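Hello,

Here is the structure I promised to pass on to you. My notes on what turned up in it follow just below.

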Amino acid sequence: AFVSASSSALDNCTSPGSTPAHTPAPPHTTVPAMTGLTDSAQLQQFVKDKEVVGLCVSGGLDSKTVALRMKKQGVNVICFTADIGQPDEEDINDVAKKMAPCGVETVIVDLKEDMAEACFDCVLAQAKYDGGYWQSTGIGRYVTCRGLIQAMKERKVTVLSHGATGRGNDQLRFERYTNVLDPTMKVYAPWRDAQLLQDFAGRAQMLEYLKQNNIGHSIVSSSTKRYSTDANMAGLSNEAEDLESLETAMTIVQPVMGKWPHDKGVVHQTVVMRFEAGRCVKLATGKDLPAKPMTPLEVMVLANKLAGESGIGLVHALENRVLGTKSRGVYESPGMELLGRGLELVYQAVLDRRSSQLFKYLSAHVSDQIYDGRYFDPSTQASMTGIRHLAQAAKGTIILELYAGNMYFVALKDCPHSVYVEADASMEASEGLNPVSSQGFCEVCSVEAKALANADLIKANTRAKPY
């Protein structure tokens, strides 16, 4: 089965509009003639039923190939791409220009503000996944599907077509979100269509197909190391090809949003953030906050810039996929990491022990649900309601020092709901908790401890036996 190594919603299961990173040149092999291809039975049925297909595209090789194949087989297809703040896309309008030679219309949907709100929700929930990374792709999927499905319905689309392969998580995300957001809309996955898999076994066949139809496409390799990238405002996910070997260092990845901590020019700086109900409303360098509140989009853009130039937010992870396999990735989310750490420090001040335990449980559930493509499920939304309630107390101004991939605590100020009382915690003489009063508490605790010991339930000298 063909697994694309480029990156878009129709290129390696990634978000519409993103572009490939370090893609290898096509192999110098003889390509079989592409003339006389057998029609796809699924596409034939779409034509027969007069379906309107909404194809999620990026302008990449996969996008062009599938769009052209649909057009030549008579499918009524409209292309869609989402602008979710892809840092590796200089001009999102270029996607439409790239797709035009295939004879298709491309609708660009601006979802940057929606994406910023989604980033804020993820930070609010501290929803990291395996290996402690911010799952930018998982967040981007529900924003993309919700936004594009709405745009597709306005154009009378009846079938959503995505480019996720049959080996990854994204096929489940695209299809589940389509199913829950519009149960009447059908789903078509080109890279699960047996006929297309047979016709396009790899890039060489796709390039030849475009060539025979006088459509150009160039694959540029800027590195001897190869991997695929999915990008949006929340960050970049790098995986596949050379990164599949655990003997390949994570540092083969070239950061897009920032720098490696050891790179020249890494900035040493102090940043200040103001949180209200768990949402960052102000962000600046130095220790003085800006006068006016900022929108989530403004915060995300600035957070990515500041944290990126200080080498923040590069993570390696071996994650557990929905299908049960393991996947290796190198993730870059500077802004999410900065905002997430800042809010975490505020949470530490305002959440009591049991609230913290509940928060961690809800956070883990939300993270798993985002990963599985279940953000709109009842349990996810119930969990987010609980998190938002706990976050009402998360008000405070946090100052951090950033340098070479590290974030150092400087100060927490103006935090009215902090349950930290310096006098009670002090080891010096103070007007806080009277140490003498702890005697009675310790005596109460001793009742259970002695009862366990007297009942011969404490086995302090035993060791677990190895299997």
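The largest cavity is lined by Gly132, Tyr133, Trp134, Gly313, Val315, Tyr331, Glu332, Ser333 and Glu337. On a 1 Å grid over the protein atoms alone, a cavity is a set of points where a 1.4 Å probe fits but cannot get out, and lining residues have an atom within 4 Å of a point. Its volume is about 30 Å³, taken as the space filled by probe spheres set on points joined across faces, edges and corners. Strands S5 (133-134) and S13 (326-332) each supply at least two lining residues; strands are DSSP runs of E, at least two residues, and helices runs of H or I, at least four, numbered from the N terminus.

This is a predicted model: local features need pLDDT of at least 70, side-chain atom pairs count only at pLDDT 80 or more, and totals for chains, interfaces and linings use all residues. Residues are numbered from 1 along each chain as its sequence is written, and side-chain values use heavy atoms, with hydrogens and water left out.

Now the helices. The axes of H4 (residues 112-125) and H12 (residues 378-391) come within 10 Å and cross at roughly 75 degrees (axes are lines fitted to C-alpha atoms over the stretch in contact, with angles from 0 to 180 degrees between N-to-C directions). H4 and H12 are therefore roughly perpendicular, a label for 65 to 115 degrees. Asp121, Leu124 and Ala125 of H4 meet Met384, Ile387, Arg388 and Ala391 of H12, contact meaning heavy atoms within 4.5 Å.

Best wishes

Conventions:
On a 1 Å grid over the protein atoms alone, a cavity is a set of points where a 1.4 Å probe fits but cannot get out, and a pocket is an open set with protein on both sides within 12 Å along at least five of seven lines; lining residues have an atom within 4 Å of a point. Angles under 35 degrees count as roughly parallel, over 145 as roughly antiparallel, 65 to 115 as roughly perpendicular and the rest as oblique.
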